[in-house]
Each structure stands twice: as structure tokens, then as C-alpha cells.
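Trainee: I have a structure open and would like to go through it with you. Can we start with where the chains meet?
Mentor: Go ahead and bring it up.

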Amino acid sequence: MARGIHVPEAIARQPWQVFLPLTALVLFASLVLYSAAGGNIQPWAVTHVIRFAVFVVMALVIALIPRELFKLVAYPAYVGVLFLLLLVELIGGIGGGSQRWLNLGFMTLQPSELMKPVIVLVLARFYDSLPPNLVSHWRGLLPAALLIALPAGFVMLQPDLGTALAICFGGFAILFLAGLPMRWFVSGAAAAGVIAPIAYFTLLHDYQRKRVTTFLDPESDPLGAGYHITQSKIAIGSGGFFGKGFGNGSQSHLEYLPESHTDFVFATMAEEWGMLGGLFVLLVFFIVLRWGIKVALKAPDMFSRLLASGMCCTIFFYVAINLMMVMGMAPVVGIPLPFVSHGGSSMMTNMICIGTLLAIDRWGNRQSGLA
Amino acid sequence: MFGEPRRMTSAMLADRFERRSLLIGAAMALAGVLLALRMAWIAIFQNRKYELESESNRVNLTLIPPRRGWILDRFGAPLASNRADFRVDIIPDRLVDGEKVVEELGNLLHLNAAEQGDLGERLEKASGFQPVEVAAGLDWERYAAVSVRLPDLPGVVPQRGFSRFYPTGPSVGHLIGYVGAASAEEYEQEKNPLLITPGFKIGKDGLEKQYEKLLRGEPGARRSEVTASGKIVRDLETREDVPGHPIRLTINGPLQDYASRRIGLESAAVVVIDCESGGILTLASMPSFDPNSFADGIGRLEWKMLNDDDHIPLLNKAVRGLYPPGSTMKPMAGLALQMNGVSPDERVNCPGGYQLGNRFFRCDAVHGSVDLRAAIEHSCNTYFWSMAHRVGYDAIAPVAKMLGLGQEFDLPGTKQRYGTIPDAAWKMRRYKQEWSASDSLNASIGQGYVSVSPLQLAVMTARIASGRNLLPSLIYGRPKPLGPALPFTPEQLAVVHDGMFNVVNGSGTGAGVRIDINGVKLAGKTGTAQVRRLVSRGHVGDWKSRDHSLFICYAPADKPKYAMAVVVEHGTFGARAAAPIARDVMTYLFDPASAMATLTALEREWGGTAAERMAAKYRAYGATYTRPPPDTAKEVGVKPAAPNAPPSESAITRPTATTPVSTQPAEAHSSQETD
């Protein structure tokens with residue numbers, strides 16, 4: 001390599017193939033947020049970029065954490081977050097009504113968000129220490145199931161269906177990847193097919209039930225619960241292939257689109273940037289997730305493999321459910337679009353996932369370097 | 001751990017992990033493709049549909065109520081026009097907390113308690129998206145006060161628009177009618193969205209209703225960008241409205257106003273007809289209502305006040321009031337007698353009455369020997385009784401009808417009552433009784449069963465004055481063709497003209513209203529109609545039991561140009577109440593300045609101009625029925641209104657007296673006296 005274009009190793013070492021697309025996506029998102037605020041960098045566009053910058057630093061710090069420390073903190077972190085969930089539940093119980101966050105003074109913390117990466121971490125730790133021959137044994141399933149059920153149950157009580165599903169999805173992904181017998185999943189799916197209708201009528205709150213029914217037929221309630229989906233589809237559909245142009249989204253600017261800067265930010269984007277913008281967003285997530293799965297595949301051991309793919313699944317779940325929701329393929333469950341929706345908690349969760357993947361990438365490289 | 005049988009190894013699990021993570025990766029990719037396809041379906045294949053829906057979200061089409069066609073008088077001056085104003089409406093369906101909003105609006109717009117009550121009542125009756133008017137004709141300050149508080153007042157819509165304006169207010173109330181917001185039934189009938197557009201008014205009565213189609217015009221449209229909450233962001237494009245067609249009337253606007261004001265405190269009707277074309281110059285009925293306050297949606301209190309008034313302001317007496325014509329029939333009877341061979345020079349001795357069988361009909365004076373001219377001049381009943389007895393009443397009734405009495409005329413926007421010219425067949429039909437000789441006597445001097453409207457009297461006067469079969473018309477430039485020629489010779493007419501000339505200019509009953517404006521003289525006939533039946537309703541001397549006062553006249557006497565009929569309800573003698581009004585109105589046509597001077601002096605005496613009297617009455621009325629109206633009353637509730645303040649003991653203290661029509665003299669039998 002010629003001396004003239006020498007790049008410092010510290011910089012060259014960074015995984016630019018992830019950061020460049022992510023930065024592009026975040027900058028694009030801040031453009032969308034700028035437009036959604038009626039052409040103002042306040043209140044969303046600037047904070048979005050600043051948060052990203054802050055959490056990138058956090059991710060880089062996480063990337064430096066050694067594998068042993070990850071393993072060490074897995075159970076304490078799980079217990080800690082579980083305790084926070086319980087605390088939220090108690091405060092909510094006293095205050096009356098639904099409460100999902102703790103006010104720490106300088107920021108509001110949503111423990112259920114933290115639980116998404118932590119459930120992956122604790123399950124990876126569990127299967128890492130589980131002897132391989134117990135994987136097909138009930139002793140390989142029951143503790144894990146309990147680890148999932150506890151936080152999912154608490155979150156469900158809040159009630160926050162979307163996050164509860166995200167926790168379950170992350171957990172099941174680990175169970176699947178850890179090598180549990182395929183027949184369990186098949187029979188589990190069959191059982192879910194039976195239980196779901198029952199749960200629908202017993203466990204779900206009225207407003208959640210309404211979301212499901214209106215998702216199945218949004219036209220049935222165009223001004224009520226179906227309003228979100230209908231308006232979101234109008235925004236995306238009226239954008240066409242090239243969009244209406246930057247700053248010309250009438251659905252978002254005239255306030256027809258609800259939550260235009262958070263849950264439905266994709267619709268805001270699609271209205272102005274069209275299918276082209278949508279493909280760009282999908283492409284960035286494709287690049288990031290492909291990188292994440294590659295990291296998982298070349299991870300040095302079971303713990304890091306499971307951790308890496310679990311993080312990928314968590315990010316994927318956010319993306320998939322959010323996009324399905326805004327395009328009318330899933331009920332409105334209140335899950336933001338990673339790196340695009342304005343919101344600190346989800347940005348933090350997703351950057352924890354990215355940071356963890358970076359760390360695992362580093363472990364793999366070092367291992368391969370040693371080998 | 002090692003002792004257990006090992007079916008699984010770490011390597012096997014790693015293998016399994018690799019397979020399964022590839023599977024998951026593939027599933028993720030598949031999900032990505034599906035999402036892309038879904039987006040393509042919505043954004044590309046269904047693009048047209050969603051583009052339309054987005055547009056219909058974004059763009060709101062509002063109709064702009066068309067400016068209503070003006071109603072003009074014969075000189076082209078407006079009797080009804082439009083003025084730009086600011087208004088505030090409420091869309092009931094968008095209201096969140098009705099009571100709070102009404103209260104808030106009450107503060108912002110300075111509505112008094114009665115007006116707030118009205119508004120609350122209208123809101124209760126209202127439904128859906130049909131806007132309810134809160135206030136119109138607002139000044140900029142109050143309009144702005146509401147506009148800036150809109151975010152706290154969901155359902156409240158302030159806007160600029162035009163509202164109907166009647167410059168002379170109550171003077172034209174009965175003539176033109178009024179406009180108002182369309183009712184639910186009217187909307188059901190027409191299904192036109194314009195009808196429920198805030199600020200749009202349709203004709204509710206009179207000419208405004210009759211010519212609704214012509215006056216309405218074409219609405220404009222405004223396309224504007226609106227937010228989800230209905231706030232207008234900007235106007236995209238506007239199509240101007242097409243104003244309605246103007247209508248020009250034969251009415252002489254200043255004369256109509258003068259006549260209405262000149263009526264003053266009385267309850268009366270004045271009709272003036274052009275003797276050349278038959279065009280109606282004035283069709284005044286007072287007291288009246290102010291059509292301006294109807295256009296804004298009349299207040300409950302004002303409505304009650306109008307209804308409680310025993311002068312019946314809501315009745316158009318000019319075309320719907322029916323009165324015994326009394327002696328104003330005599331010129332007509334004079335023509336009928338001549339037609340039936342009575343020589344105008346034949347004399348009848350009046351000993352102060354007339355003996356029919358065993359009944360003695362009293363004349364009001366001992367007139368001595370009178371011929372036809374003198375009988376008209378002095379209004380001698382004896383002459384007409386004896387002559388009518390000779391030719392028979394059956395010879396007189398057809399002439400009365402021929403001259404317009406008991407007839408209905410083709411006049412737009414008037415709901416005429418045509419009264420009664422009785423004859424034997426009519427009496428049999430109505431009362432199952434034979435026609436009697438005394439019926440003939442009563443009918444021949446315009447009493448008994450005879451009842452006519454002021455309009456008919458004016459037509460009769462115009463026909464007698466001109467000798468032509470004039471038909472009254474109201475639309476300028478479209479006079480009605482003459483009816484079949486009248487069968488009177490010029491000589492016969494001249495006799496009657498002489499009699500009527502002498503009534504005023506000789507030693508007759510109307511000598512007190514003599515005029516001479518550059519040679520223009522008045523010819524007329526007084527009339528006093530008894531209101532016998534009504535005596536039972538009150539004490540003698542009570543307003544209600546007094547005689548009606550009538551006067552018919554034309555001028556110039558030598559070359560008739562204008563014919564007029566004046567009826568003053570319960571005005572006592574014709575010469576006392578009706579004739580002075582007729583004189584002043586006629587004077588106004590030839591010498592406006594001196595007529596105005598007379599009126600100004602009179603109005604000072606009556607307690608101010610018409611508007612001031614109306615305002616004072618409204619305040620006094622409000623004080624008796626609600627809390628004392630606040631000082632703001634003058635700027636909100638009270639519109640310049642009916643120049644009618646009946647004698648001070650009137651509606652305020654008297655219990656309701658809402659007889660639909662003032663008199664129904666068909667039942668008011670027997671009269672022995674006229675003036």
C-alpha cells in the first residue's frame with residue numbers, strides 16, 4: 001500500500017460497510033423528519049442526528065467489551081431489567097393506568113425496550129452453558145421458556161403487545177438457532193394456532209382487539225381505529241414510484257397521517273420519495289442484516305453465534321412489523337422503524353444490537369487472526 | 001454430564017445453527033421481497049386510487065353563496081341589495097361542548113341573555129352539518145376576536161360574506177318579504193348543497209320567495225387545502241359566483257318609504273297606483289317588521305314582540321286586510337246608478353234618514369235636497385239608499401266587481417284576500433238566508449257584508465279617475481294590458497269626478513285636506529267603516545272598537561296621474577285619520593320638500609324617527625320579559641325597524657291579542673251611519 005494514501009489503522013478497522021449505509025439512512029430519515037416538521041430542523045431532524053451520533057459512540061464502546069464481560073453480565077442484566085419492568089408495573093399500578101417508562105430526570109427510560117437485546121443476551125448465555133445433549137431435553141426448553149415468559153408477561157401487562165411480541169420473537173429465534181428439535185416448533189406453531197383465538201378473546205385488551213379487527217378490515221372503521229392504516233396506505237399509494245417530491249407530502253403536512261414522525265414515518269417518507277425511497281430503506285436494512293448474519297456465521301462460539309443472530313432477528317422484527325403495519329399487513333402495534341422513526345429508546349436498543357454485533361465481529365476477527 | 005448418553009455434539013449444533021441461520025436469513029430476504037412487492041402494489045398499481053384519495057383529503061370544496069339579485073324601484077334604486085359583512089356560524093356536528101362554546105361566543109360577540117337563549121334554542125333544533133348562524137353583520141373587531149380563538153372553539157366557523165340589506169327596512173317588509181336560512185324541508189325538497197352552505201339565504205316570503213329562482217344566481221366555489229382538523233391552509237382556486245338577476249319594480253322607493261313613515265303610530269295601509277300604466281307605486285302596510293332582522297335570523301324576543309302587537313305587524317294589510325269600504329263606495333255607486341238610468345241631476349230630499357218599511361235608517365246629517373254630485377260631496381246616505389232601492393242592489397254589485405272590488409289581481413309575491421261583494425246568491429250560499437232590502441241598503445253604502453282590501457280600493461279609484469280598465473302591475477316595464485273597456489260615458493265619469501273634486505275642494509267631508517301645488521288639486525272621497533262586531537271586545541272608545549278610517553283620492557284632479565287608497569284601522573272618521581295621510585303622500589309626489597317637512601315635524605311629535613321608536617319599544621319590551629338588557633343591546637339586537645310604536649299602552653302591558661285579520665266585517669251587520 002502506497003504511503004501517500006495511508007489510512008490510520010484505527011479508522012480503517014471500523015466496519016464502514018455498516019456505518020456508511022446506516023449513516024446514509026439516518027441522514028435520509030432526518031430529511032424526512034425535517035419535512036414532517038413542516039420544513040423545520042426542529043423539533044425532530046436535529047435531535048435525530050445528534051442521538052445517532054451519541055449512540056454510535058455508545059455502540060463503539062460496546063464493541064470494545066470482551067466476550068467474558070458479556071457472559072458475566074448476562075444474568076445480572078436480565079434480572080436488573082426484569083426488576084425495572086416490575087418497578088414500572090408497580091408505579092403504573094399506583095399512578096393508575098398504563099405506564100411504560102421510568103422518569104430518570106434527564107431521560108425517560110423504557111425498560112421493555114432494553115429487554116429486547118437483554119433477552120437475546122441471556123438466552124445466548126443459557127444455551128452456551130447448556131450441554132449439547134440437553135438441547136433436545138425438556139431441561140433445555142423449560143428454563144428458556146421461563147426466561148422469555150417472565151418479561152413478556154410483564155410487558156403484556158403494561159400493556160404493550162408490540163414489545164411483548166418482539167421479546168417473544170427474539171427469544172424464539174434463539175431457541176430455534178440453538179438447535180432445539182424442529183418438531184417442537186412445528187407442534188408449538190400448531191398449538192399457537194389453537195391458543196391464539198382463545199387468547200384473542202381473553203388476554204387482549206379491547207383496544208388491542210380492535211386493532212386486530214380493523215387491521216383485518218380497515219374500511220370497517222375509516223374514521224376510528226382503521227384511520228391510521230387507511231391514511232398510511234393513502235400516503236404510500238399516492239407517492240407512486242418517484243414520490244410527490246421533498247416537502248410536498250400533503251398527507252403528513254396536513255396532519256391526515258397520524259404519528260407521521262414516529263410509527264408512520266415510513267409512510268411520510270414514501271409519500272415524498274415514493275417507491276424509490278422505500279427501496280433505499282429496504283436496501284440499507286438488507287445490507288445491515290446481511291452483514292449481521294455474516295458476523296453470526298463466522299462467530300467463534302455458540303454464545304457469540306446466538307447473540308449475533310439474535311440481535312439481527314431483533315432488528316429485523318422491528319423493521320418487518322413496522323413496514324407491514326404501515327402497509328396494512330399487520331395490526332397497528334406501535335413499533336417504530338429502526339434508525340428512521342424519531343425516538344430515543346428505539347434508537348438506543350437498535351444501536352445496542354449494532355454495537356453487540358460489532359463486538360462479536362471483533363471477537364471473530366481476533367480469533368481468526370489468532371488461528 | 002459426560003456420563004449421559006450423548007446424542008448431540010457441539011459440532012452438530014454448530015451445523016444446525018448454520019443451516020437454520022441461513023434459513024432465517026432466507027426468510028428475512030423473502031420478507032424483504034414481499035414488503036417491496038407490497039409497496040409496489042400500493043404505490044404503483046393502486047397509485048391512481050390513492051392519489052385520488054389523497055387529493056380528496058387535501059382539497060376541500062366550499063360553495064360561495066351567490067350574491068342575490070337586487071330588487072330595484074322604478075328609478076333603479078335598490079329596495080333590497082347586498083352588503084359585505086362578517087358572520088359567525090356553528091356546525092352542530094363539530095361542537096364539542098355546546099354550552100361552553102355558546103357562553104364563550106356570547107362574551108366575544110357581546111350577545112345579551114335573550115340572544116344567547118335564541119342561539120341555544122337554534123342549536124338544540126339543529127342537526128348534523130347544517131350550520132347555525134350565531135351572528136351576522138359583525139364589525140371587524142368582533143369577527144377578529146372570534147377568529148383568533150378558533151382553536152378553542154371547535155365547530156365555530158367565522159367567515160366573510162354578503163347579507164341581504166333592505167335600505168328602508170320595515171317600509172318594504174311586506175312588499176318584498178324577507179330571506180332566511182333554508183329549512184330542513186326546503187333542503188329535502190331541493191337537495192341542493194348550496195342550501196346548507198353557511199350564509200346562504202333563500203326567499204321566505206313576498207317577492208323574495210316568488211322570484212327565488214331569478215334572484216338566486218349561481219354559487220361560486222372555492223377549492224382550498226385543509227388540514228385533517230378542517231383548518232384552511234391556503235386557497236387553491238376560486239370560481240366567482242354569478243349574482244342573481246335584478247328585478248325592477250314599479251314601486252317608487254322614496255314614496256313607499258315616505259308613505260310607510262307617514263303612517264306613523266297608526267295601523268294602516270297606503271296603496272298608490274299610476275293612473276297611466278296601472279303600475280303600483282306604493283304598497284305600504286304599517287306597522288311592519290324589519291326584513292333586515294329576519295335576514296339575520298329573527299330573535300325570539302323580537303318575534304314575540306311582533307306577535308303580541310295588536311296592530312298585527314306581520315299582516316300585510318294592503319293586500320290581506322279586509323275592511324268595509326264605507327262611503328268610499330259612493331263614487332262607484334254613482335256610476336252604477338247612472339248606468340241604470342238615474343239622472344245625475346235628479347234630486348232627493350234628505351230629511352236626516354231613510355224610511356224602509358218600519359225601519360228608519362239614519363243619515364248623519366239633514367242634507368236637504370241633493371243631486372248625485374252633492375250626495376258624493378256630502379256623503380249623503382239617504383240619496384244612495386233611495387236610489388239603490390229604486391235600481392236594485394243587483395245593478396250595483398256588478399259595477400263594484402267591474403271596478404275591481406272583490407277581485408284578485410295577478411301580482412307576484414302577494415297573497416291577496418279578495419273580500420266580499422255580496423249579492424243574493426252569495427248570501428244564500430253563505431248564510432242560507434234570503435237577500436233582504438236592508439242588505440241592499442247597507443251594501444250600497446259599503447257596509448254590511450261588503451269587505452274589500454286597500455289594494456282593491458286603489459284599483460277602483462284608478463279606474464274611476466282614468467275611466468280605463470287598468471290592471472295593477474308590480475314589475476317595471478311590463479304593464480298589464482287593459483281589461484275590457486268600462487261601460488261608462490265620459491259624462492257619467494265627469495259627474496263622479498265633480499263630486500269627488502268637491503269633497504276636497506268644495507264644502508265636502510274632505511275639505512280639510514285641500515291642496516294646491518302649482519295648480520295640482522286633489523279629488524277624493526272619505527269613508528268611515530263601523531266595526532260593530534268588535535264593540536263587544538272592549539269598552540266603547542277602546543282602540544279596537546273605533547271605526548276604520550278610509551280615504552280614496554287621485555291627483556291632479558283635472559288630469560289624473562296618481563290614484564291612492566288609505567285605510568287606517570280604527571282611525572275613526574275618514575277625514576280625520578286617513579285623509580291627512582293621503583294628502584301628505586300625494587303632496588310628496590308633487591312637492592317632496594314640504595311633505596318631508598311635515599313628516600319631520602310629525603316624527604318629532606311621535607317620539608323620534610321610526611328606527612328610534614322601534615329600538616325604544618324593543619328595549620321596553622325586553623325589560624318586561626327578560627332581565628334588563630345590557631347596554632350592548634343597541635349594538636347587537638336592535639336593527640332599525642318598524643316605525644311603529646303604537647299608543648304607549650300597547651303591547652307591553654296588554655295581554656296578547658293576535659286576531660289573524662283585523663276585522664271580518666262580513667259579520668258586522670247593520671250600519672245606519674256614515675260620515
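Trainee: How many residue pairs are in polar contact between chain B and chain A?
Mentor: Nine residue pairs, both residues at pLDDT 80 or more. A polar contact is a pair of N or O atoms within 3.5 Å; within protein, one must be able to donate a hydrogen and the other to accept it, and residues adjacent in sequence count only if both atoms are side-chain atoms. This is a predicted model, where local features need pLDDT of at least 70, side-chain atom pairs count only at pLDDT 80 or more, and totals for chains, interfaces and linings use all residues. Residues are numbered from 1 along each chain as its sequence is written, chains are lettered from A and ligands numbered from 1 in the order written, and side-chain values use heavy atoms, leaving out hydrogens and water.

Trainee: Which parts of chain B touch chain A?
Mentor: Helix H1 (10-45), helix H2 (47-58) and strand E8 (220-226) of chain B each supply at least two residues of that side. Helices (H or I, at least four residues) and strands (E, at least two) are DSSP runs, numbered from the N terminus. H1(B) gives the largest share, 23 residues.

Trainee: How many salt bridges cross that interface?
Mentor: Zero between chain B and chain A. The rule asks for a side-chain nitrogen of Lys or Arg within 4 Å of a carboxyl oxygen of Asp or Glu. Over all chains, the whole structure has 33 salt bridges.

Trainee: Which side chain does B:Arg68 pair with?
Mentor: B:Glu212, in a salt bridge at 2.9 Å, N to O. The two are 144 residues apart: B:Arg68 is in the loop between strand E1 (59-64) and strand E2 (71-72) of chain B, and B:Glu212 is in helix H9 (residues 212-216) of chain B.

Trainee: Switching topic. Which residues form the nonpolar patch on the surface?
Mentor: A:Phe241, A:Phe242, A:Leu276, A:Leu279, B:Trp41, B:Ile44 and B:Phe45, with about 730 Å² of accessible area together. Areas come from the Shrake-Rupley method with a 1.4 Å probe, and for residues only the protein chains shown count as cover. Patches take residues with over 30% relative accessible area and no salt bridge; like charges are joined within 9 Å, nonpolar side chains (Val, Leu, Ile, Met, Phe, Trp, Tyr) within 5 Å.

Trainee: Which element gives the largest share of the patch?
Mentor: H1(B), with three residues. Helix H12 (265-297) of chain A also supplies at least two, and A:Leu276 is found in H12.
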